[in-house]
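Me: I am new to this structure and would like to learn how to read its features. Please give the general idea first and then the case at hand.

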Amino acid sequence: MARTVVCICEAFEKPKALSDLVIFSDYRPSVPAGDLQAYLKYCSNYAREYKVYLVPHRFMVDNRLYLCLFDPNGAIIGYQGALHRNLSTQSKVEPASSVHVMQTAIGNLFLCVDTDIYYPELLRLAKLKGADLVVSSQYIHSYDFKPKRITTGIWSAAQQNGLFVVGCSNAFSAVAAPWEITPDGTGFLVQPEHSQHLFCKLFFHKLERSAMGGSIAEKLNPVFCKRYSSIISQK
Amino acid sequence: MKQLKYRSAAFLLSNKLDPSAIERVFRAHPMVPSTELNYVNKANIKLAAVQMELRPYRSLSDFILHLQEIVAQAQEHGAQLVSFPEYVGLLPLLISPTFREMGEDFFDALEEGKLEDCRNILNYFSEELSELLFSCYYNTFALLANRSHLYIHAGSTLLANGGKLYERCFLFGPDGEAVLEQDKLFLSPLEQELGICPGEELELCDSPLGRLAILPGQDSFFYETAKAARQLGAQILLCPLRPVHQDNEVAERCGPWSRCQEQALYALCSHFVGQLDSFRFVGKAGIYGPYEATRATQSGIVSRCASESPSVLVSRVNLDYLDIPVDLYAADSNPALAQMLAAAYSEFPQPLEHLLPLTTETDNEEI
């Protein structure tokens, strides 16, 4: 896998030519439960028809918020539940308890569900598990949207772990990457814009050129991390 | 031949850096003690980050007068704590033309990728110069703090201890006592190859100015250090940064600035600037804080030097602003994640890819 072409578009819209990975953008917090079965069936057909990997919109099952990944044959090859909740919906949502990095033909993919992107410890764990591409799909209330949502979210995750982060939300779309490999040195391959459309090529070999690229375990201090692990992983 | 030259230069330097010589310079050039620490208001802490000119010194007195000049500038603006850049403790080497040349050789070898030559120079440093230089560093900054009656964060120095080389930082209190000592924790691959050893503990210090921690160099580029500091109650991070040849605000934002946003802390970043021989240094000093604490600009920048000229950046910070309202998007906790992360860290240094196998396309859990 040398490169992956990512496309964000509205649900079931035809993707741009050459897209490998399609992410559906949606203004809703999640797919309504009553529509879920039909929605996933359409997603499967879509992935098969356009021969793409697909990350559809977030959905709830048994009070857990999920993202999933379809392969180009229309099969679901992995799920990821949200490990953290927006505190305003805390009472209605259960947190997940596992972290999966999916090894696919388009990269080692971690699906970052909703507010999970604001937890550096989770992104670090994903990187330790081999992730080189993160898809972050989140819902941000319009009155809560501020620059912090981007800089402490997708931008920081990309810089601190040396990986690509595709951000897809109702408020913006963007692709963050280590600043050393972005042409304008800003840490964005695609600048955040209030848009539901995005198209970007990701060249994985370039990640090696960033300070945090490659194996992160070699860059951490094992004695320190072990000694302070209990307080580092606490909130 | 070179060894002989170094040996005689070391002998000459040891006479020049004698503790009594340091004391004599301070006696001959008395400092006006600051009164800023007589009354401390947590809502109005005055911090100074130094953008220090890197220049050759003709004598010990020249070096100390430069430090005094910087501290006096900080005093003029009411600073209560002054933070110097990374490796400031190596500057007395510049008094000796021979060791200045050795420094140039080191950087040349580094640029040419001759790491063996670099290691040889560092070995010589560890065996012959480290103790001498450390004594000068410690005495000078302790006296600087004592005579100015300020908190002085003395950047960092290289120190050989028990056959190992560490990068160590000190914070001196207004009485001249070292109140905080911190070894660099996260080393770059190059530093590791050069044989520098990482520290293992994070130290914090309670002061009238708040709870302080020091994260030198790239320590502040890893969330782990800042999070541990914050969990232990730190409010202000002192981040002496290494000399850089390019001013890159984005690169710097990956470090202390990001930690301020993640962990709700203030951070002071000090840098070297100027031309020394064929090397030009351009880092900019800055004082950063959480978005919420930089109310006027909402930029996370309390202040940052605008130019590349030497200066002392003094700004007020309000520790009450660190009690920011809970962010509903980032305030949840998940014990399962804490356990997984603790397990991953505690299994170091074995290759984590082996311990935490990737999920394949077939073994993902069913919902």
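Reply: We can start with a pair of helices. The crossing of α3(B) and α5(B) is right-handed, a term used when the near helix is turned clockwise from the far one by less than a right angle. Helices here are DSSP runs of H or I with at least four residues, strands are runs of E with at least two, and both are numbered from the N terminus. This is a predicted model, where local features need pLDDT of at least 70 and side-chain atom pairs count only at pLDDT 80 or more, while totals for chains, interfaces and linings use all residues. Residues are numbered from 1 along each chain as its sequence is written, with chains lettered from A and ligands numbered from 1 in the order in which they are written.

Me: Which residues make the contact of α3(B) and α5(B)?

Reply: Two residues are in contact if their C-beta atoms, placed from the backbone, lie within 7 Å. Helix α3(B) brings B:Ile64, B:Leu67, B:Val71 and B:Gln75, and α5(B) brings B:Thr140, B:Leu144 and B:Ser148. By class there are 4 nonpolar, 3 polar and no charged residues; Ala, Val, Leu, Ile, Met, Phe, Trp, Tyr, Cys and Pro count as nonpolar, Asp, Glu, Lys and Arg as charged, and the others, Gly among them, as polar.

Me: How many residues does each chain give to the contact between chains A and B?

Reply: Chain B gives 48 residues and chain A gives 60 residues. On the side of chain B that touches chain A, α9(B) supplies the largest share, 9 residues. That side has 30 nonpolar, 10 polar and 8 charged residues.

Me: How many helices and strands does chain A have?

Reply: Chain A has 4 helices and 13 strands. Of its 235 residues, 57% count as buried.

Conventions: Buried ≥ 20, exposed ≤ 12 C-beta atoms within 10 Å, placed from the backbone.
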